[in-house]
Amino acid sequence: MHRCRRYDRRTAPDAGRCLPDSELESGGLTRPYTSSSTRPAPVAIAGMAAVSAFGRGTGPLLDAALAGRPAFRAVDRFDVSARRVTVAATLPDSPGLLDELIDAVDAACADADLSAAQRRDAPLLLAVHGDAAIGRAPAAQRSGHSAAALAEAIAGKCGLGGSVRAYTSACVAASTAVADAAAMVRHGHARRVVVAAGYLVEPDQFALFDAGRALATDGAVRPFSAGRTGLLLGDGVGAVVLCAAGDSRVRCGVAGWARTGDGYHVVQPSPDGAGLARAVRTALTRAGVGADEVGYVNAHGSGTTASDAAEAAALRRAFGQLAERVPVSSTKSVHGQALEASSLLELIVTALALERGELPVNAGFLGPDEQCPLSLVLAPRRTSVHYGLTLNAAFGGANTALLLVAP
Amino acid sequence: MTGLAVICRAAWPESTEDGPAPPLPGFVYSTFSPLVAAVADRCLARSHASPPADPARGPRTATVLVSRYGDVTSAVLVAEAVDAGRRVAPLLFYQAVPNAVAGYLTARWGLTGPVVCVSPVGDAMTEGMAVAAGLIEDGDADEALIVAVEQAMGSGVDSASAVLVGAG
């Protein structure tokens, strides 16, 4: 078998494909690898759409994230009387996932000004948990319920005629889809790719997270804070259109991306954060961007004790001393954990925040935790930064990093 | 897209001597995760003998889990408990997503490449190969373990197959 090729990141056009192990494990990279003139052109985000507990559209979501205003409230969509926790970030009505996904894809395509012909050429990458109906369908009818079938239905309804793929990799499903979509565009396999993701709070996952004692017991998500007690679920549906630079107007750019694994545990992240740190460094290197150019990190920040500590360790490992200065927040503190869709909501919030020139607030903070020595965004803040990272981690030690750049 | 070369492959069952996949500690009630672990072990052992994987290859090996329907047994158990107003068994939380068993096998074999789970529209192994080819072309992995698994629905039998691939 061939081995990993070691490129000189300062000169290679495909900088970022492989990092030397010595640099992966060293204390942080602080200098740009390449001059801006040699950086590969970012993949453009040409259109975006979102649904969250704040309502339909990206505006309400962005406003709440920038203000640090959480949406958690008592769940009235289904019976939670037997649950330890009874709170989530939900829309006031009971929307249907398929309809919301179709509307979001249509809205993102319209935002990107895609013609019908352009839609017919576009692949759809969908991130969902699956079809929740499979657990209640008669055995003979279960074969009609799958994530893949949902993806096919959405593609058909929205006139997307390219290849269709459904991602089910839990909390990195959507971010993995974005990374794959960016790679498809970068390597010339597609001109435009639509990525969509959706999770709407429903009784089965709520019961599972409650049984696993993963839900916050005090009604708030407090990422990286002392006294944090866990996560809370939230509604989230999103769609983005990625395309080659120059093919469309650019709302934001995806400059770098990476997917890595911990190889550590079934559900716990590696406490040293090595896998997530490797994702950060690979994304930066792929973009030819130095750690000192990153002006904001939208962290995975689930609000659970072990996950937040591991992520803080990852940021220290990836950024070195810069980790004490780079602004960090987790927008799950306002919109909640939307499972397979959360990383797409977080990408959209980060892109819009860079466009607006303001940083999202890390809500719910009670006080510092010595295991999380980060520079948290605790109040609304203006910014002129160009590069923002969104990080995500999932059960099974799956990690992703997406580096966004303001247009 | 990068061409792929098959390094080794495995299935479960491969013969009538293969019964149900061996139980997997921490995973309960469902055959899904034990099947994934059994076929992955069998495939990886044909290239790496015993765990952990060759340290020159394991860190650059991705894990791609392909299942159109996922863990149907667990989904049905959760729905039944919820509809009956019962509490859900806590261990079901940990196997609620396909990533979980991927965490088991990647920890056991020292695989630290990407972990990707997909529900295929068409042929499962073809879709897994496409995902793997993309990861290898993009540089996030040199090799990929692809596991395709489906539980029996109706009169069929559980089945799983695995392929370890690298750039062709």
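Mentor: This is a predicted model. In it, A:Ala166 has B:Ser119 as its bridge partner in E3(B).

Trainee: What makes strand E6 of chain A and E3(B) a pair?

Mentor: Two strands pair when at least two bridges are found between them. Strand E6 (residues 164-167) of chain A is joined to E3(B) by two bridges, so the two strands pair, and they run antiparallel.

Trainee: Why is the link between A:Glu152 and B:Arg68 called a salt bridge?

Mentor: The cut-off is 4 Å between a side-chain nitrogen of Lys or Arg and a carboxyl oxygen of Asp or Glu. For A:Glu152 and B:Arg68 the closest N and O atoms are 3.7 Å apart, so the pair qualifies. Between chain B and chain A the count is eight salt bridges. The side of chain B that touches chain A has 37 nonpolar, nine polar and twelve charged residues.

Trainee: How much area do the two chains bury between them?

Mentor: About 4900 Å², with 57% of it on carbon and sulfur atoms. Of the area that chain B buries against chain A, B:Arg87, B:Phe93 and B:Asp138 supply 14%, more than any other three residues. The contact draws 58 residues from chain B and 63 residues from chain A.

Trainee: Why is A:Val266 called buried?

Mentor: Buried means under 20% relative accessible area. A:Val266 is at 18%, so it counts as buried. A:Val266 sits in the loop between strand E9 (252-261) and helix H8 (274-287) of chain A. Among the residues it touches are A:Phe395 of its own chain and B:Phe27, B:Tyr94 and B:Tyr104 of chain B.

Trainee: How do you know that A:Ala170 and A:Leu339 are buried?

Mentor: The same cut-off of under 20% applies. A:Ala170 has a relative accessible area of 5%, so it is buried, and A:Leu339, at 4%, therefore counts as buried too.

Trainee: What is the phi of each of these two residues?

Mentor: Phi is positive in both, although neither is a glycine: about 55° for A:Ala170 and about 50° for A:Leu339. A:Ala170 lies in the loop between E6 and helix H6 (173-186) of chain A, while A:Leu339 is in the loop between helix H10 (332-335) and helix H11 (342-356).

Trainee: Which peptide bonds are cis?

Mentor: One joins B:Trp12 and B:Pro13, and another joins B:Pro51 and B:Pro52. Omega is about 0° for B:Trp12 and B:Pro13, and about 0° for B:Pro51 and B:Pro52.

Notes:
Residues are numbered from 1 along each chain as its sequence is written. Chains are lettered from A and ligands numbered from 1 in the order in which they are written. This is a predicted model: local features need pLDDT of at least 70, side-chain atom pairs count only at pLDDT 80 or more; totals for chains, interfaces and linings use all residues. Side-chain values use heavy atoms; hydrogens and water are left out. Contact means heavy atoms within 4.5 Å. Buried area is the accessible area (1.4 Å probe) that two parts lose on being put together, summed over both. Ala, Val, Leu, Ile, Met, Phe, Trp, Tyr, Cys and Pro count as nonpolar, Asp, Glu, Lys and Arg as charged, and the others, Gly among them, as polar. Helices (H or I, at least four residues) and strands (E, at least two) are DSSP runs, numbered from the N terminus. Buried means under 20% relative accessible area, exposed over 50%, partly exposed in between (1.4 Å probe, protein chains only). Lists of a residue's contacts leave out its neighbours within four places in sequence.
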